[in-house]
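Thanks for making the time this morning.

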Amino acid sequence: MYKILVVEDDKSISRLLELELKHEGYIVEVAFTGKEGLEKYEEFKPDVIILDLMLPEIDGIEVADSIRNYDHNVGIIMLTAKSDLPSKIEGLKTGADDYMVKPFEIEELVARIEALLRRLGKHESMKVGNIEMDLEKMEVKVNEKVVNLTLTEFNLLKYFMQNKNVVISKEKLLEEIWGYDDLENINLVEVYINYLRKKLGKEGKKIKTVRGVGYVFKED
């Protein structure tokens, strides 16, 4: 599961990016200042950083420059309200891989993230028991046979595999997979858990109900 760090001081934009990118299946952390961005980069070890140019404390140019001094593998996409050529050149010279001008369409940002991950040659897979997940191909195999999952089912299984042996509440799943923070749609969780269990066959027993709390994906 790819990890994305969003460094953006506008909380409405950072919240939107967090929700949309989580909905796309990414693990997302958010920072609101350049200093916090550098700290979270060290802790989180992201695959891609979405970095605003104008930030409090330390600006995006300096953040990118600091990271590039010792890490050439992380992808950096710079965000800015400035559309002039000198600003673009300045951002790219510091080591940013791509550049987007606000306002932008979230679909375009997602497409650029995917393209950047391909260029960086990042390929990730997971395996728990007899369940194998190829994150690049978005393919799941059980006992070496392909299982056809919807995007939501795929993201749900991915989240479980990433957090195996951890008890997860229905509310947490609703927020992480669907992006909802209210309880009106809480039944979605149970419905999709049942779908997923059926499609995984015997391996579906790994998803266990914890009464009164939620679910746990057991490795054994």
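Before I come to the aromatic residues, a word on the term: rings of Phe, Tyr and Trp, the last by its six-membered ring, are taken as a pair if their centres lie within 6.5 Å, and planes under 30 degrees apart count as stacked, over 60 as edge-to-face and the rest as tilted. With that rule in hand, and bearing in mind that what you see is a predicted model, a search of the whole structure returns 4 aromatic pairs. Tyr41 belongs to helix α2, residues 34-44, while Tyr70 sits in the loop between α3 (60-68) and β4 (75-80), so that the pair links distant parts of the chain, 29 residues apart.

Side chains of opposite charge can pair when their charged atoms come close. Over the whole structure the search gives 15 salt bridges, and among them is the one between Lys40 and Glu29, with 3.4 Å between the closest N and O atoms. Since Lys40 lies in helix α2 and Glu29 in strand β2 (residues 27-31), this pair ties together parts that are 11 residues apart in sequence.

Now to the domains. The domain assignment divides the protein into domain 1, residues 3-120, and domain 2, residues 125-217, and the centres of the two, taken over C-alpha atoms, are separated by 29 Å. In terms of contact, 7 residues of domain 1 meet 9 residues of domain 2, and together the domains bury about 630 Å² between them, of which 39% is on carbon and sulfur atoms. On the domain 1 side, Lys22, His23 and Gly25 supply 57% of the area buried against domain 2, which is more than any other three residues give.

How many salt bridges are counted between domain 1 and domain 2? The count is 1. Lys22 also forms a salt bridge with Glu176 through their side chains, at 3.4 Å from N to O. The rule for polar contacts finds 2 residue pairs across the interface of domain 1 and domain 2. Helix α1, residues 11-23, gives the most to the side of domain 1 that touches domain 2, namely 4 residues, and the residues of that side divide into 2 nonpolar, 2 polar and 3 charged.

Finally, two points of backbone geometry. Lys102 and Pro103 are joined by a cis peptide bond, with omega at about -10°, and Pro103 is found in the loop between β5 (98-101) and α5 (106-119). Met138, a residue other than glycine, has a positive phi near 55°, and its place is in the loop between β7 (131-134) and β8 (139-142).

How values were computed
Residues are numbered from 1 along each chain as its sequence is written. This is a predicted model: local features need pLDDT of at least 70, side-chain atom pairs count only at pLDDT 80 or more; totals for chains, interfaces and linings use all residues. Side-chain values use heavy atoms; hydrogens and water are left out. Domain bounds come from an automatic or database domain assignment. Contact means heavy atoms within 4.5 Å. Buried area is the accessible area (1.4 Å probe) that two parts lose on being put together, summed over both. A salt bridge is a side-chain nitrogen of Lys or Arg within 4 Å of a carboxyl oxygen of Asp or Glu. A polar contact is a pair of N or O atoms within 3.5 Å; within protein, one must be able to donate a hydrogen and the other to accept it, and residues adjacent in sequence count only if both atoms are side-chain atoms. Helices (H or I, at least four residues) and strands (E, at least two) are DSSP runs, numbered from the N terminus. Ala, Val, Leu, Ile, Met, Phe, Trp, Tyr, Cys and Pro count as nonpolar, Asp, Glu, Lys and Arg as charged, and the others, Gly among them, as polar.
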